[in-house]
Amino acid sequence: MTADETVPVHNFQVLGPLRFTLDGVTVALPARHPRMLLAVLLLHNGEAVAEGRLLEQVWGPGASSTIALRTAVSRLRSWLHDEARGVASIDHADGGYRLRLPDHYVDAARFRAALAADSDAAGLDPHQRMAALMNALEEWRGPVLDGAPEEIREDPAVQTLDDDHATCLQRLAALAISLQTPDLLLSRTRALAWSRPFDEPLHARLIELYAACGRPAEALMEYERLRSRLADELGVAPSAEVQRAYFTVLAQDPPQPPPADPASGKGWRHRLAPRQIPADIADFAGREKATATLLDHLGGLLNDPERPATLVAGVTGPAGVGKTTLAVHVAHRLMPAYPDGQLYADLRGTTAAPESPARVLGRFLRALGVGKHDVPDDLAERTALYRSLVSGRRLLVVLDDAARETQVRPLLPGSSPCSVLITSRHRMGAVGGAKIVDLDRLREDHAVQLLASIAGHERVAAEPDAAVELVHLCGGLPLAVRICGARLAARPHWPLVKLVALLRDERRRLGELSIGDLTVRDGLEQSHGRLGEEARRTLSALAKLGPVEFSAGTVAAVCGLDHTVAGDHLDTLVEAGFASVVGSGRAGQVHYRLDDLARSFALGLDPVRLSRAENGRPARLYRFGPRRTGPGPGTPRSGCAAR
C-alpha cells in the first residue's frame, strides 16, 4: 500500500490477532471452529487447502470428522455473507477449500505487495521507498495470528510472513541509517531481533542502528549477547555480516555527539583514552632488575606475533615493600607503548572491604566513555561490554592491591593487545600466563640511596654509619625507609643518630615508623588480620624466640605441631610477609627468619600493652584467645597457646 492509499472498507487482519473491521469498526468474529477456519484460509487466500490439513490445524492432530469441517464451512459462509457483505466466497476444490477474497482486503497480502514492489524499486528516491515500507510495516500489530492454536501458528505461511517482516525491517534500517534517521527504527528492530534470537542479519542491522544512534556501548553489548548465544547453543561464531557490523563499531569514532550530559550522565561521549595512572615519584630507587623484567614482558613482547592475547604481569611481596610504587613507575615508562590509554584501580584487597569487580567495571566503563545510565547492572554484562570496548586497543590496565584471582578475572580484557599489571600480597598463581615478579627488601645501597633522595644527600653523606644502621633498623623495607627520610626532612635540625636511637628500642620501633598517613603498622595489621588463628599463634611463639633462624622442625617442637602442619604455617607466614627463607641447613632443612619489623609487631600483640607514648595514645590490647598459664582441660595440642 502506497502512502496516498487508505485502508479499505473491508479489512481482514492476520498480522497480529485475527480481526475483521468494516468501515473502521471491529466486527465480532464467528464461533471458534469457523473462526480458526477463516484464519487458515486467509493465510492461503486464493489457494486450495486440503481437508486433512484443515482438520489437523482447526480441530487438532488426529481429527477426521469431515462432517464437522463441512458444518464449520457452512457457518463461515453464512458469516461472510451477513457480516462481510459477501465480499468473499469459499469454494470446494481439489479435495479441499479455497477462500476467494480480493488481496487488497487482507493486510498480509498488502504487506507482501509493498515488499515485492520495493524489491523492484531500483532508482527510486530513498525517501519514497522508506515511506512506502513504513506504511507496509504499520500493517503489523503483533505476531502472525497471535493467540491462535499452535497447529495454526506452525503453518509454513506464518514462518514466511515472519521472515518477510524481518526483511522489511532490515531494508528500513539500512534506509534509516543512510537518511540519518536511525532512531525511527531502533525500538521496532530491537523488539523483533530479540524475538528472533538467531536471525543474524537482523541483529547486524540492530548493531548498526545502535551505533548510528550514538549508542555504541549498546551496539557492542548486542554483539556480545549474540556471540555468546551462538557459541553456547549452536557452537558457532557470528556470521561475517555480523562481524563486519561489530568491527565497524569498533573502528569508528562515535559520531559527534549526542555528547554526554554531565548532569544526567546520559549519552555516549567521544571515544576516550583514559590516563588514570597515579603520579610517578621522583625519588624512585633500586628495582632495576624488576623494572627491566616488567618492561620487557609488557613492552618488549607487545609486538611479538606469538605472544599471549593479553599480557599479564604480577608484582608480589609483603606490605610496604613498594609494589604499588614499582607498578606506577613501570606504567609511566610504558605509556608510549599504550597510546589508547591506561586504566587504574585500587582493589583494596588487604582491607576489610575489598572493591567488588562490578564497582570497578562501572568506573572503567565510565572512563571509557559510557554514560552512567548506560552501564549495565549485571556483572557479566559489564564484563562483556568492557571487553568489547577495549578489544583491538593498546591499553594498559593496572590493578593495585588485589585480594584473590576471583577479584581480578572479571577485570581482565579478552583477546586484544591490552596488557594488565597486578600488584598483590599473593602470587596470583591461578591467573594463567602471568609473569610474576617477587619483590624483596631493598639492598643496603639502594635503601641508603632512597633515604638520601628524601632526607638530603649531604646529611646522609655526613653520617654514613648512622644511615646504614637506620636502613638496617628499617629491615630494608622501602616504606619504612621512606618514612624515616620524611621524618628527617621535616626536622632538618635532627642528626641521623637521633632517629637511630629512637628505632633501637624494639618496643617503640613501629610507633616511630609513622608520619602523616604513612605507617608500617597498618600494613602489618592488615596482613595479620588475614591469618588463621593457628598461624597467628605460631607467629607469636616465634617472635619470642628472638632474632634467630629456625626450621620447620623447630616450629613443630616449640608449638607442639605436626611437622607438616608446622611447614604449612611457615608457608603462610612467608606468603603474608612475616617470615623469609634465609637458606638451608646441613640436613637440607629450609631455614627461616622473622623479619625484624614483623617480630616487633608480633611482640606487640602480647596481652601486655605496647607503649606508644611518643604520640600520646594508649597502646592497643590484642587478645586472640584466653591466656593460659599451663595445660588444662580442653587445651589444644595443635597450637602454641598451650605453651
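These legends describe close-up views of a predicted model.

View 1. The strands follow the order 4-6-5, with antiparallel pairing. Strand 4 (48-50) and strand 5 (89-93) are the edge strands. Each has a single partner strand, so one side of each has no neighbour in the sheet. From one strand to the next, the twist averages 30 degrees. Strand 4 and strand 6 (residues 96-100) run antiparallel and are joined by three bridges. A48 has R98 in strand 6 as its bridge partner.

**View 2. Helices against the sheet.** Helix 2 (residues 51-59) packs on the sheet and touches strand 4, strand 5 and strand 6. Its direction makes about 70 degrees with that of strand 4. Helix 3 (residues 66-83) lies across strand 5 and strand 6. Helix 3 runs at about 150 degrees to strand 5.

View 3. F111 lies in helix 4 (residues 107-119), and W140 in the loop between helix 5 (126-137) and helix 6 (150-153), so the pair ties together parts 29 residues apart in sequence. F111 and W140 are buried.

**View 4. A stacked aromatic pair.** Y223 and Y246 are stacked, 3.8 Å centre to centre, with 10 degrees between the planes. Y223 belongs to helix 10 (residues 216-234) and Y246 to helix 11 (residues 240-251), so the pair ties together parts 23 residues apart in sequence. Both Y223 and Y246 are buried.

**View 5. Charges over a ring.** R491 lies over the face of W494, 5.0 Å from the ring centre. The charged end of K498 also sits over the ring of W494, at 5.1 Å from its centre.

Note on methods
Residues numbered from 1 in each chain as written. Predicted model: local features only at pLDDT ≥ 70, side-chain atom pairs only at ≥ 80, totals over all residues. Heavy atoms only, no water. Pairing = 2+ DSSP bridges. Helix = DSSP H or I, 4+ residues; strand = E, 2+ residues; numbered from the N terminus. Axes fitted to C-alpha atoms, helices over the stretch in contact; angles between N-to-C directions. Contact = heavy atoms within 4.5 Å. Buried < 20%, exposed > 50% of the residue type's maximum accessible area, 1.4 Å probe, protein only. Phe/Tyr/Trp six-rings, centres within 6.5 Å; stacked < 30°, edge-to-face > 60°. Lys NZ or Arg CZ within 6 Å of the ring centre and 35° of its normal.
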